[in-house]
Amino acid sequence: TVQERDTADPRLVAYVVLAEGVEDDAWLDALKAHAADGLPGYMQPQAYVRLDRLPLNVNGKLDVAALPE
């Protein structure tokens with residue numbers, strides 16, 4: 001998603017929910033490498049936020065407003 005603290009400097013943030021059993025921080029390096037291989041630089045997230053679960057609204061859809069900054 002795009003976080004716009006300052007409208008002059010929007011940034012992409014990736015929210016990640018890890019599969020069960022993944023404990024170490026190797027996932028971050030692997031995810032960054034995967035994004036770098038398939039996306040141009042301006043489309044690569046500047047931040048990765050690990051979540052236990054994605055927030056959902058009452059309809060079961062992603063609640064974007066409930067995502068942390």
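Mentor: Let's start with a rule: two strands pair if DSSP finds at least two bridges between them. Keep in mind that this is a predicted model.

Trainee: Fine. How do you know that E1 and E2 pair?

Mentor: E1 and E2 share two bridges, in the antiparallel sense. The rule asks for at least two bridges, so E1 and E2 count as paired. As one example, glutamine 3 stands opposite arginine 11 in E2.

Trainee: And what makes E2 and E3 a pair?

Mentor: Five bridges join strand E2, residues 11-17, to E3, and the two run parallel. The cut-off is at least two bridges, so this pair passes too. Here valine 16 stands opposite arginine 50 in E3. To get from E2 to E3 the chain passes through helix H1, residues 26-38, and this β-α-β crossover is right-handed.

Trainee: What does the sheet look like as a whole, then?

Mentor: It's an open sheet of three strands in the order E1-E2-E3, with mixed pairing. E1 and E3 are the edge strands, as each pairs on one side only. Along the protein chain, from the N terminus on, the elements run β-β-α-β.

Trainee: Why is glutamine 3 called buried?

Mentor: Its relative accessible area is 13%. Buried means under 20%, so glutamine 3 qualifies. You'll find glutamine 3 in strand E1, residues 2-3.

Trainee: Which side chain does the side chain of glutamine 3 make a polar contact with, and what makes it one?

Mentor: The partner is the side chain of tyrosine 15, at 2.9 Å.

Trainee: Why is leucine 62 called partly exposed?

Mentor: Leucine 62 has 43% relative accessibility. Partly exposed lies between the buried limit, under 20%, and the exposed one, over 50%, so leucine 62 falls in the middle class. Its place is in the segment after E3.

Trainee: Which residues make the nonpolar surface patch that leucine 62 belongs to?

Mentor: Val17, Leu54, Leu56, Leu62 and Val64 make that patch, about 410 Å² of it.

Trainee: How many residues of strand E3 are buried?

Mentor: Four of its five residues, 47-51, are buried, so by the under 20% limit E3 is mostly covered.

Trainee: And how much of the protein chain is buried?

Mentor: Buried residues make up 20% of the 69 residues. As for dimensions, the C-alpha atoms fill a box of roughly 40 × 35 × 15 Å along the principal axes.

Technical notes:
Residues are numbered from 1 along each chain as its sequence is written. This is a predicted model: local features need pLDDT of at least 70, side-chain atom pairs count only at pLDDT 80 or more; totals for chains, interfaces and linings use all residues. Side-chain values use heavy atoms; hydrogens and water are left out. Buried means under 20% relative accessible area, exposed over 50%, partly exposed in between (1.4 Å probe, protein chains only). A crossover is right-handed if, with the strands pointing away from the viewer, the path from the first strand over the helix to the second runs clockwise. Patches are made of residues with over 30% relative accessible area and no salt bridge: like charges are joined within 9 Å, nonpolar side chains (Val, Leu, Ile, Met, Phe, Trp, Tyr) within 5 Å. Accessible areas come from the Shrake-Rupley method with a 1.4 Å probe; for residues, only the protein chains shown count as cover. A salt bridge is a side-chain nitrogen of Lys or Arg within 4 Å of a carboxyl oxygen of Asp or Glu. A polar contact is a pair of N or O atoms within 3.5 Å; within protein, one must be able to donate a hydrogen and the other to accept it, and residues adjacent in sequence count only if both atoms are side-chain atoms.
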